[in-house]
Amino acid sequence: MSEQRDLVLDVQHLTKHFPMGGMRDARKVHAVEDVTFSIPRTEIVTLVGESGSGKSTTARLISRLIEPTSGEVIYNGTDVLKSQPRGASLDYRGDVQMVFQDPFGSLNPAHTIGYHIERPLLIHKKVSGRKELRERVLDLLNTVGLGPAEETAEKFPYELSGGQRQRVGFARALSVEPKVILADEPVSMLDVSIRVGVLNLMKRLADDSGLSFLYITHDIASARYISDHTNVMYAGRMVEGAPSDELVHEPAHPYTRLLLSAVPNPHAGLRTQETVARGEIPSLIDPPPGCPFAARCPHVMPVCREVMPNAVTIAPNHWVRCHLYGDGGVSPLPTAANSVG
Amino acid sequence: MSTDVKRGIRAVPGNFVPLIEIDNLQVEYLAGRGSVRAVDGVSFSIGKGEVVGLAGESGSGKSTIAQAIMRILQPPAIITGGKVLIEGKDVLQMSDKQIRDFRWDEVSMVFQSAMNSLNPVMTVGDQIIDAILAHRKISEQQAREQAKEMLRIVGIEADRIDSYPHQLSGGMRQRAVIAIALALQPPLMIMDEPTTALDVVVQREILAKITELREQFGFSILFITHDMSLLVEISDRIAIMYGGEIVEMAPSRELFENPLHPYTQGLMASFPALTGPRKRLEGIPGSPPDLISPPSGCRFHPRCPHRFGPCDSIHPPLIEVRPNHFVACHLHTTPEGSAQ
Ligand SMILES: Nc1ncnc2c1ncn2[C@@H]1O[C@H](COP(=O)(O)OP(=O)(O)OP(=O)(O)O)[C@@H](O)[C@H]1O
Ligand SMILES: Nc1ncnc2c1ncn2[C@@H]1O[C@H](COP(=O)(O)OP(=O)(O)OP(=O)(O)O)[C@@H](O)[C@H]1O
Ligand code: SF4
Ligand SMILES: [Mg+2]
Ligand SMILES: [Mg+2]
């Protein structure tokens, strides 16, 4: 279980507090709090969790679009936050690509689809000459199912449907031959058939071309389908991590269990699902001490409202941050070796 | 034949009173090489208080239908035919003033780009308050309280009321737009992929709330999503689109348990399962149809595992093969026996 893994990315205690923004409002939004996880080379690691729990912020921190309040992002053994000034890290920016969550906000309306894919190819000097540039662009568009490619390349973003834009984002990330792709809900607007195609492509890129992925999604079944390991976030905190299949079959954290119970599962037939009570909305604005899920948890104990539970390893590569497990919070934080499979 | 089809699609058991009827709608986008026939002869209706789900392939024309109903399509889009009747009036023939009133009073829409459709320089609270004040004669203070309540309904803490859109997560922005639509409670609500950025717990809570409000106020919903399992739960009937056409439409349970069109069947077979053995899925082989020169006959024929004689030459009409179950496929040309 604790064999040394070859980690392409190792995220340690990543934390981001945003100012509330109001003029006299000194409060902070604790968007990401002490997040530790890693991505082994050629693996797909999933991040699931509540809307607003800090998934996109985590990806933006890793890609260095924003700077963390504290924490480390170790890429191939070096802390990229320390070692390079932000603007100078072109290599890192090329190696680690992001697919943005919002396909409507992330394409420039004034430029063609072809331009969107050409640009990174030119910036990162991936092609020599117009002909090769053109070929790469068409090739990438075909790869993501946006044929006929000659035509798609000439189109403007407004001519594409939501799902088509989403695939442009994916093609753009692929264009510079990255080592790691941080894919923020890359398939949420695709019908299941095309979705399976993109998921199979990710799997193939990981297996055959040595890419590694952070896959952010709300589709837990798809996470199990392609990813090796799944981490669960709730209110800025990582609350559980396990091999994807195990997480679905043996969820430990009460939030993970709630999440799984709410998944509509067409294969289970039409079951009438009990509606889950909302309870308190978790507050990220100067949050109270203790477990962030305490206000909603059916198993809450007095200690939960007082003390933040530590992460406890409960099975090989499976850890959970909850007072129901372990001995009241003396277990060590997960290390890279046992936090991610 | 075609009038039968339209009557049939309207005929739903119970006391079905149509709110909106879409009749042979045709929309084209003028593109360089020719025109993209994004919506090609689509007919269906939505009853009062009914939820109709629209699913289907990416790029098959779902958002275009939604925009045609609202009459917000911009050039190069042109509506080349058909009617959109709401309580007998044709939206496509309304004067500018009538269409403004219609958009204001009778329909509200959550755009697929919801995450990106809020005004970036205005707080979400002010945007919700403006919408409420435009429709109700209440004080600004009352509107602010209502806005906070709407935020709570969609699971956003009321303290975020003074946040700007960029300070919210993708799913929170989507929820703020849903909150605006719900605050207005018009007779028809169009929701285009409203929950793509929501986790299943929040999604379920919001859908429960929408259902509750619908029962209370009796509005109708056109719900567009790729999430079939979600559609089955929320809608009364589901229409499946492929290449600009409806290829199948049925009550949601019937469609889910007994999909007849090979495209629908392919969709149903492409879900990764949450539990059980992990097996590789292939999706539907082949690529989406080119809508500038769509395939002859059945548009799905180049990809269909069951294609035979007439499929590449004759266009199959949408016919009722079981009560309220319509399908456009040569495998199902005659209504199944009345013993069904
Ligand atoms: N302005 C435009 N000019 C040219 N073609 C367009 C334009 N807008 C949309 N299209 C094309 O019309 C077709 C239908 O688009 P629409 O947005 O309605 O699809 P959709 O079913 O909503 O897809 P998705 O599920 O991916 O959102 C697509 O093939 C798209 O490329
Ligand atoms: N620039 C910002 N200023 C203030 N708060 C911010 C900012 N960006 C994000 N936040 C807050 O940080 C929290 C986490 O946001 P994030 O976008 O990471 O969530 P997410 O998990 O990706 O959610 P979703 O699934 O809805 O996309 C949210 O509460 C959000 O409001
Ligand atoms: S720590 Fe306590 S409150 Fe948190 S999930 Fe576990 S039991 Fe519930
Ligand atoms: Mg996000
Ligand atoms: Mg759409």
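**Close look**

Author: B:His325 is buried, because its relative accessible area is 0%. Buried means under 20%, exposed means over 50%, and partly exposed is in between, with a 1.4 Å probe and protein chains only. This is a predicted model, in which local features need pLDDT of at least 70 and side-chain atom pairs count only at pLDDT 80 or more, while totals for chains, interfaces and linings use all residues. Residues are numbered from 1 along each chain as its sequence is written, chains are lettered from A and ligands numbered from 1 in the order in which they are written, and side-chain values use heavy atoms, with hydrogens and water left out.

B:His325 belongs to strand β12 (residues 325–327) of chain B. Strands (E, at least two residues) and helices (H or I, at least four) are DSSP runs, numbered from the N terminus. The B:His325 side chain makes a polar contact with the side chain of B:Glu248, at 2.5 Å. A polar contact is a pair of N or O atoms within 3.5 Å; within protein, one must be able to donate a hydrogen and the other to accept it, and residues adjacent in sequence count only if both atoms are side-chain atoms.

B:Val247 is in strand β10 (residues 245–251) of chain B. B:Val247 is buried, at 5% relative accessible area. Its C-alpha atom is 6.8 Å from that of B:Leu318, which is 71 residues away along the chain.

Now ligand 2. Ligand 2 lies between chains A and B. It is surrounded by 23 residues, and the closest are A:Ser51, A:Gly52, A:Thr57, B:Arg160 and B:Gln167. A residue counts as near if one of its heavy atoms lies within 4 Å. The shell holds seven nonpolar, 13 polar and three charged residues. Here Ala, Val, Leu, Ile, Met, Phe, Trp, Tyr, Cys and Pro are nonpolar, Asp, Glu, Lys and Arg are charged, and the others, Gly among them, are polar. Three elements each supply at least two shell residues: β2 (28–40) and α1 (55–62) of chain A, and α6 (170–184) of chain B.

An N or O atom in the A:Gln101 side chain is 2.8 Å from an oxygen of ligand 2. For the side chain of B:Ser169, the distance from an N or O atom to a ligand 2 oxygen is 2.7 Å. B:Gly171 uses the backbone: a polar atom there is 2.7 Å from an oxygen of ligand 2. Taken alone, ligand 2 exposes 640 Å², and the protein buries 94% of that. These areas come from the Shrake-Rupley method with a 1.4 Å probe; for residues, only the protein chains shown count as cover.

Look at α1 of chain A. Seven of its eight residues are buried, so the helix is largely enclosed by the rest of the structure. The buried ones are A:Lys55, A:Ser56, A:Thr57, A:Thr58, A:Ala59, A:Leu61 and A:Ile62. Just after this helix, A:Arg64 takes a positive phi of about 70°.

Next, ligand 1. It lies between chains A and B. It has 19 residues around it, and the nearest are A:Ser161, B:Ser58, B:Gly59, B:Ser63 and B:Thr64. By class, the shell has four nonpolar, 12 polar and three charged residues. An N or O atom in the side chain of B:Ser58 is 2.7 Å from an oxygen of ligand 1. A backbone N or O atom of B:Gly61 is 3.0 Å from a ligand 1 oxygen. For the B:Ser63 side chain, an N or O atom is 2.7 Å from an oxygen of ligand 1. Ligand 1 exposes 650 Å² when taken alone, and the protein buries 93% of that. Two or more shell residues come from each of α7 (162–175) of chain A and α2 (62–70) of chain B.

Ligand 3 has a shell of nine nonpolar, three polar and no charged residues. Among them are A:Cys291, A:Cys297, A:Cys304, A:Cys322 and A:His323. A:His323 lies in the loop between β12 (318–321) and α12 (336–339) of chain A. It counts as buried, because its relative accessibility is 9%. Its side chain reaches the backbone oxygen of A:Val307 at 2.7 Å.

Last, the backbone. Most residues other than glycine have a negative phi, and most peptide bonds are trans. The bond from A:Gly147 to A:Pro148 is cis, with omega near -5°. The bond from B:Pro75 to B:Pro76 is cis, with omega near 10°. A:Glu177 has a positive phi near 50° and is partly exposed, at 43%. B:Glu193 has a positive phi near 50° and counts as buried, at 3%.
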